[in-house]
Amino acid sequence: MIARDLVIIGGGSAGMAAAIAAYDEGLTDILIVEKGRQLGGILNQCIHHGFGIEEFKEQLTGPEFMSRLAVEVKKRNIDVRFQSNVLDLTKSKVVTYSNAAEGIVKVQAKAVIMATGCYERSAGAIQIPGERPSGIITAGTAQLYLNEMGALVGKRVFILGSGDIGLIMARRLTLEGATVLGVSEIMPYSNGLNHNMVQCLHDFDIPLYLSHTVTKTYGKSRLEKIEISQVDEKFNPLPGTEKEFEVDTLLLSIGLIPSNDLLKKLGLPVSKSRGAIVDEHYMTDIPGIFSTGNVLHVHDLADYVAAESRSCGKGAAAYVQGKWNLDSPSFNVIPGKNLLYVVPHRVRLANLDEHLTIKFRVSKPLQNQVLTFTFNGEVIKKIIKPFIIPSEMQKVRLPKELFNAQDGELVISSEDRP
Amino acid sequence: MTAHAMENAVDNGVELHLNEAVTAIEENAADQTFIVTTSKNSYHCKVVINCAGVYADQMAAMVGQPDFSIRPRKGEYLILDHYTAELVNSTIFPLPSEKGKGVLVSPTTSGNYIIGPSSEFVDEKDDLATDKPTIDKVKKSALDLVPSIPFNETIRAFSGLRASSSRGDFIVEEMKGHEHFINVAGIDSPGLASSPAIAKYVVEELVAKHLPLNKNPNFNPRIKPYINLKALSFEEKNELIRENPRLGQIICNCEKISLGELDDLMSRSIPPRTIKAVKKRTRAGFGKCQGGFCQPAIVKYLADFYKVDLTDVLYDKGGSNIIRCSTKECKL
């Protein structure tokens, strides 16, 4: 069996950033296994700008952002296998992948980084009632057809879900000459980043129907009509509130789900972000198996993915180089009041250089909040937040000195400001 | 199973004409032959076997006065993603009622769970819509059998129509007064399991009365075996891939279907022409992302194979084109 120090599953933003960081820490025997024809993952189809402000202090498109990273990967001569799919991962870090040139290959790795990104939630997952003609398609797939194949999937479009992908596609489809009749969002608040709401909906006069969902789809071979209804606080449709739209396309932007099958097969616990439970360097409960990027938790910006994955790459290198004591004490990080999830979930203080970066999302939009960090019963930090919404991931850096012990519990909560 | 049977039939000389609806059937009283007119052609024949499912009564009515009617009975189903923890390890049935088998909870041969079906009569013969109250009832019935079901792992809800006859039973007989018109109607549950026996009876007892039947010495009962990569060992898989590298190139990441398996399907006597056909016969597009990642590649594959534009590739029936137009040519 072939042996490699580090195998990275996925060559998108996360995989590339992790590879570069691990290499620069001295771990140079790396193999990236990528299912596509090129590096970059989903960035290749994100031709809109909005990337790179954090990483490169420039406004870049997705392909430009990914090129910056891909160039660094190539400079270091890091091995990549393209059009290769990982079939299996074992607890002992044997990665099995398949491609045309090599067939099925087993690789014994010292460390593995899962950087497999997400897939889009489908119509079936929420059981949209009605007929199942063509024309019901997820926003990301429509984006791939349009931006990589020059193919327009529809001319009269309605969008379900106010997540960023749907908003971006609302604008994109309008620019290509389609008519977008509206966006419906089941929550009473929108799910996308504020600047996307403005630049994609308001600027194009596309109406947003909050607290609405699609209650029926009509069409024998191609979609012809949809019906939306208002919902109550339990998300049940309210009779009498139906509105119909004659469309040929229903675009779904109803959520990204981490592609975590390989880790789930290993019986690894999964957090509320639907990603793995990880420590301060994004290592899972299995020593040497790491998870980073959208497969760990859905990020708002590829820039944040790159930053996180650099930490992960450094962590994987340190692990292989034996720099850590895995037995050193750790404390748990718990999402408290109003928090949906936190990353990481466990921290070995001894492994950190100077500070701990915690990322989290709140579970609903809140105003006048105090983010409260309570360590072993004592409040160690407070941050005042006038507004805080689920669709914007929060990132907080806590200096090591704030912690007076290595074990116990850090609880993060969002409290009403007194 | 159905596709394999048809492939075997076509391999042995049967002509399959798809996308061709029967519009009229005229019987010649003198010699009891028929002229069957379709949307594309007309055929002169001695025997007609009517297996038109929910439309069997309409087909029979083209010839005479059928003494039965077919009411479509809809069944809605849920499919759960591949299981990582075992929910049940065999098909769990409730006690049957007059409505049928009832809602089952069952593992599938593909490693998913299937839950359903419901059972309710509908008026339209093409009403395939799912609806929330029925899906909720299916979930509730399933929970009566298995107390905890991870419905958040659902990846698809779909429905089908059973052909229920007014007689409450299978109708496998010559039509009264039109003995060369054989009705095989109302074959609802347990129709699939009964179909080989029904076919044998129809041919040997009914068709044989009207046509001289001589066993075909060249009949080949086997289709070319389908490659089942998952059943092979690591070494066996690699040997096949060395001979055919496209077997190592995965096109559907959720279900791990290779290009080589799709090539093999296209090389047979009834290659799929639509996305839905590829989905049903390879499982590409049946996984958790429901074709989100692989559909564009399969659309391109079909366009290249049939030498048509991307815009011509259909999801299923005519008019179900996936792409409306290419961006450089849109006229709106």
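The model is predicted, so to speak of local features asks for pLDDT of at least 70 and side-chain atom pairs count only at pLDDT 80 or more, while totals for chains, interfaces and linings use all residues. Residues are numbered from 1 along each chain as its sequence is written, chains are lettered from A and ligands numbered from 1 in the order in which they are written, and side-chain values use heavy atoms, with hydrogens and water left out.

**The interface of chains A and B**

- The size of an interface is often given as the accessible area lost when the parts come together.
- Here chain B and chain A bury about 4,300 Å² between them, 57% of it on carbon and sulfur atoms; buried area is the accessible area (1.4 Å probe) lost on putting two parts together, summed over both.
- In contact (heavy atoms within 4.5 Å) are 53 residues of chain B and 49 residues of chain A.
- The rule finds three salt bridges across this interface, each a side-chain nitrogen of Lys or Arg within 4 Å of a carboxyl oxygen of Asp or Glu.
- One salt bridge links the side chains of Asp126(B) and Lys220(A), at 3.6 Å from N to O.

**Strand pairing across the chains**

- Strand 11 (residues 151–152) of chain A and strand 14 of chain B run antiparallel and are joined by two bridges; strands pair if DSSP finds at least two bridges between them.
- Leu152(A) has Cys325(B), in strand 14 of chain B, as its bridge partner.
- Strands (E, at least two residues) and helices (H or I, at least four) are DSSP runs, numbered from the N terminus.

**Cis peptide bonds and positive phi**

- Most residues other than glycine have a negative phi, and most peptide bonds are trans.
- Val343(A) and Pro344(A) are joined by a cis peptide bond with omega about 0 degrees, and Pro344(A) sits in the loop between strand 22 (339–343) and strand 23 (346–347) of chain A.
- Another cis peptide bond joins Ser189(B) to Pro190(B), with omega about 5 degrees; Pro190(B) is in the loop between strand 11 (178–185) and helix 4 (191–210) of chain B.
- Tyr282(A), not a glycine, has a positive phi of about 70 degrees, and Tyr282(A) counts as buried at 3% relative accessibility.
- Lys307(B) also has a positive phi, near 55 degrees, but Lys307(B) counts as exposed at 75% relative accessibility.
- Buried means under 20% relative accessible area, exposed over 50%, and partly exposed in between (1.4 Å probe, protein chains only).
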